[in-house]
Amino acid sequence: MTDQSFENPPLGLEACLEALLFVSTGPVTVNQLAEALERRPQEVEEGLRNLDAEFEQARGLRLQWHAGKVQLTTAPQASGLVERFLGLEATARLSRAAHP
């Protein structure tokens, strides 16, 4: 018999929300998150507010809300670093040069 608490330690609501948002392919609704976590939407909304506050404390991630959906994004302050890492600046220059 295996100890499930060792294999899957319990996570707090904010950590669970962070994990789900990390693997989401796009924005999700509070109701989708609530259903996945078997929680009330009000609990999920509070957890998202707490998570957003944690991210505001000098972290590289943010929650972005649009049209009643939320997604995990990088902090605006990290945009230059992310672009450089992904090579987006070079791609944009090449694309502009290809279009006279």
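These are my notebook entries on a predicted model, starting from the whole chain and ending at single residues.

I'm working with a predicted model, in which local features need pLDDT of at least 70 and side-chain atom pairs count only at pLDDT 80 or more, while totals for chains, interfaces and linings use all residues. Residues are numbered from 1 along each chain as its sequence is written, and side-chain values use heavy atoms, with hydrogens and water left out.

**Whole chain**

I looked up the elements and got 6 helices and 3 strands. Helices here are DSSP runs of H or I with at least four residues, strands are E runs with at least two, and both are numbered from the N terminus. The order from the N terminus is α-α-β-α-α-β-β-α-α.

Next I checked burial. Of the chain's 100 residues, 20% count as buried. The cut-offs are under 20% relative accessible area for buried, over 50% for exposed, and partly exposed in between, with a 1.4 Å probe and protein chains only. I noted an accessible surface of about 7,600 Å² for the chain, with 55% of that belonging to carbon and sulfur atoms. The areas come from Shrake-Rupley with a 1.4 Å probe, and for residues only the protein chains shown count as cover.

**Helix α4**

Helix α4 covers residues 41–56, which is 16 residues. From first C-alpha to last it reaches 22 Å, close to the 22 Å expected at 1.5 Å a residue. The expected span is 1.5 Å times one less than the number of residues.

Which residues of α4 are buried? I found Val44, Gly47, Leu48, Leu51 and Phe55. They sit on the same side of α4, because they cover an arc of only 105° around the axis. The arc is taken from the directions from the helix axis to the C-beta atoms.

What do the buried residues of α4 pack against? I get α2 (13–23), α3 (30–37), β2 (61–66) and β3 (69–74).

**Two positive phi values**

After α4 comes Ala58, with a positive phi near 55°. Ala58 isn't a glycine, and its place is in the loop between α4 and β2. I have Ala58 as exposed, at 80% relative accessibility.

Ala67 is another non-glycine with positive phi, near 50°. I found Ala67 in the loop between β2 and β3, exposed with a relative accessible area of 69%.

**Salt bridges**

How many salt bridges are there? The count is 3, where a salt bridge needs a side-chain nitrogen of Lys or Arg within 4 Å of a carboxyl oxygen of Asp or Glu.

- Arg59 and Glu18 meet at 3.7 Å, N to O. The pair links distant parts of the chain, 41 residues apart, with Arg59 in the loop between α4 and β2 and Glu18 in helix α2. Arg59 is partly exposed at 36%, and Glu18 is partly exposed at 25%.
- Arg39 and Glu43 meet at 3.4 Å, N to O. Arg39 is partly exposed at 36%, and Glu43 is partly exposed at 26%.
- Glu56 and Arg62 have their closest N and O atoms 3.5 Å apart. Glu56 is partly exposed at 45%.

**Arg62**

Is Arg62 buried or exposed? Arg62 counts as buried, because its relative accessibility is 11%. I placed Arg62 in strand β2.

The backbone oxygen of Phe55 lies 2.8 Å from a polar atom of the Arg62 side chain. The Arg62 side chain also makes a polar contact with that of Glu56, at 3.5 Å. A polar contact is a pair of N or O atoms within 3.5 Å; within protein, one must be able to donate a hydrogen and the other to accept it, and residues adjacent in sequence count only if both atoms are side-chain atoms.

Leaving aside neighbours within four places in sequence, I list contacts of Arg62 including Phe55, Glu56, Gln71, Leu72 and Thr73.

**Leu72**

Leu72 is in strand β3 and is buried, with a relative accessible area of 18%. Not counting residues up to four places away in sequence, Leu72 touches Glu18, Leu21, Phe22, Phe55, Leu61, Arg62 and Leu63. I also noted Leu72 and Asp52 as 20 residues apart in sequence and 9.7 Å apart in space, C-alpha to C-alpha.

Terms used
Contact means heavy atoms within 4.5 Å.
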